[in-house]
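Student: Please take a close look at a single part of this model. Then place that part in the wider assembly.

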There are 2 protein chains.
Amino acid sequence: MKKTDRPVIPRKAVYRLSVYLRCLQRLKANGLRTVSSEALARAAGVKPTQLRKDLTYFGQFGTRGLGYDVEQLSAMISDVLGTNSLQPVILVGVGNLGSALLSYQGFEPEGFEIVAAFDADIKRKRSTKLRQPLYDMEALPGFVKERGVKMAVLTVPVNVAQEVTNQLVASGISGIMNFAPIMLIVPEDVMVNNVNLAMELENLSFFIQP
Amino acid sequence: MKKTDRPVIPRKAVYRLSVYLRCLQRLKANGLRTVSSEALARAAGVKPTQLRKDLTYFGQFGTRGLGYDVEQLSAMISDVLGTNSLQPVILVGVGNLGSALLSYQGFEPEGFEIVAAFDADIKRKRSTKLRQPLYDMEALPGFVKERGVKMAVLTVPVNVAQEVTNQLVASGISGIMNFAPIMLIVPEDVMVNNVNLAMELENLSFFIQP
C-alpha cells in the first residue's frame, strides 16, 4: 500500500488496530475461527461502532451475520501495520534503560528485531552482557544504509538527544521511538513516538492525588 | 491541593508540565535563575502561547518583562505533579520486562521509588538479581495498606492482567502504569496509563511505510 493511496488515519486508531490484532491472536490461540464485531470489540475494550469504524479505514471486512474470519482479519491488520515480516530496528544509547530494552524479549514475537546497538562510548562498563553487537556512533550511517533500517529506539541522555536525532535522520531513519524527555524536532516525513516512563508515573501521580 | 479544588486539566497538559519541569531542571543545572516564556517554550518544543496557557491552569506565574523564576517555577510544578517527595511504587509481574524495569535507575531521580516487586511465582528462575524485595501476590494487600502505596507498575502476561488489576484496585492502588496490551477495566477513580512498547513500534511502523 503506498502512502499516497492511504487515507489519513488518526494515531489512536492505529493503536487500536494493534489492540485488535492482539485480541485476534488470542482468539486464534484458543481455536476460534470466526468472531462477531461485538465479541471482538468487548475483548478490545471498545464499542462495536468504534471497531467497525476503525476497520472501514482499510476497506470492508466481515460478512453480516457471520462475523470476521479471525485468520484473515489478523493477516490484514498485520499487513496494514507492516509487521508481517520481521523488521530490523537499531537502539541508540546503551545506558541502563537501553541495556534493559536490549534484554527485553517481547519485541521479536511482535515483528521487531533489534539488530544492533550504538553508543558514543562502546568501552564503558555495562552490568549486563548484550545479545546484540555494539558499535560506535561512527558506524551508524553505513549500517543503517546497508541493512535498510528505518526504525530506531533512542535511549540517549536528554542533552544529546536532539543532536543524535539529527544524525539518525541524516542516516535515513524515519521512525524514532524516543525515551529522552524532550520534544524532538524532526522533518515532516519522520515520525517520533515518545515514551517517557518517569513522565508516565508523574502523570499518574498528578491524577491520583488525594 | 485537593482534587475538588483542582480544575479539569487535559492529560496532555500534564505531560507538558513534566517536559517544562525537565527543561527547568536543565536551566537550573546550567546556573540560570530566570527564563522568559519564549525561551522556556522553545526549550520544551511548544509555542509560547501554549506554555502560558498550560501554566494558567495553576494560577499566575512570572512577571511581565522579567520572566519566570526558575527555582520557584520548578518547585511549583513539582508540587502540582506531587513529585516533591519520593513516592513509593510497586511492580507486579517479574518477567523479562519487569526485571528490566526493576533494574532501571531512572525513576528515583524523578521522585519514584520501586519499593517492592510481586509475582505469582517467586521461585521462578530469573536472569538478573533484583535490588528490590520480591514477594508473593498474597502479601500484596497487606504491603500496599501498610506502606500507603498508591501506584503500581503492571508487567504481567496479558491473560492475567485484568484479574491482577482487580486485586490491585481492591488493595487500594489508584494509579496503574500498564504494560500489558489490553485496555483494563477499572473504577472511575482509578487511573491507568498504558505503555506498550511493541505497540509503539507497530504504530511507528504503520506511519513510516514507503
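**One helix, then the pair**

Tutor: Gly172(B) follows α7(B) and has a positive phi, near 110°. Helices here are DSSP runs of H or I with at least four residues, strands are runs of E with at least two, and both are numbered from the N terminus. The model is predicted, so local features need pLDDT of at least 70 and side-chain atom pairs pLDDT 80 or more, while totals for chains, interfaces and linings use all residues. Residues count from 1 along each chain as its sequence is written, and chains are lettered from A and ligands numbered from 1 in the order written.

Now the helix itself. α7 of chain B covers residues 158-171, 14 residues in total. The expected span is 1.5 Å times one less than the number of residues. That gives 20 Å, and the end C-alpha atoms are 20 Å apart, so the two agree. Ala161(B), Val164(B), Thr165(B) and Leu168(B) are buried, meaning that 20 or more other C-beta atoms, placed from the backbone, lie within 10 Å of their own. An α-helix has 3.6 residues a turn, so residues three or four places apart point the same way. The buried residues of α7(B) pack against β3 (87-92), β6 (151-154) and β7 (175-178) of chain B.

Next, the partner chain. In chain A, 52 residues are in contact with 52 residues of chain B; contact means C-beta atoms, placed from the backbone, within 7 Å. Elements of chain A that each supply at least two residues to this side include α1 (11-29), β3 (87-92), β7 (175-178) and α8 (197-208). α8(A) gives the most, with 12 residues. This side of chain A holds 30 nonpolar, 15 polar and 7 charged residues. Nonpolar covers Ala, Val, Leu, Ile, Met, Phe, Trp, Tyr, Cys and Pro; charged covers Asp, Glu, Lys and Arg; the others, Gly among them, are polar.

Finally, the symmetry. A rotation of 180° with 0.0 Å of shift along its axis superposes chain A on chain B, at RMSD 0.0 Å. This relation is that of a two-fold axis. In chain A, the C-alpha of Ala100(A) is nearest the axis, 2.3 Å from it. Both copies use the same surface: 100% of the contact residues of chain A recur in chain B.

Notes: Contact = placed C-beta atoms within 7 Å. Buried ≥ 20, exposed ≤ 12 C-beta atoms within 10 Å, placed from the backbone. Least-squares fit on C-alpha atoms with pLDDT ≥ 70 in both.
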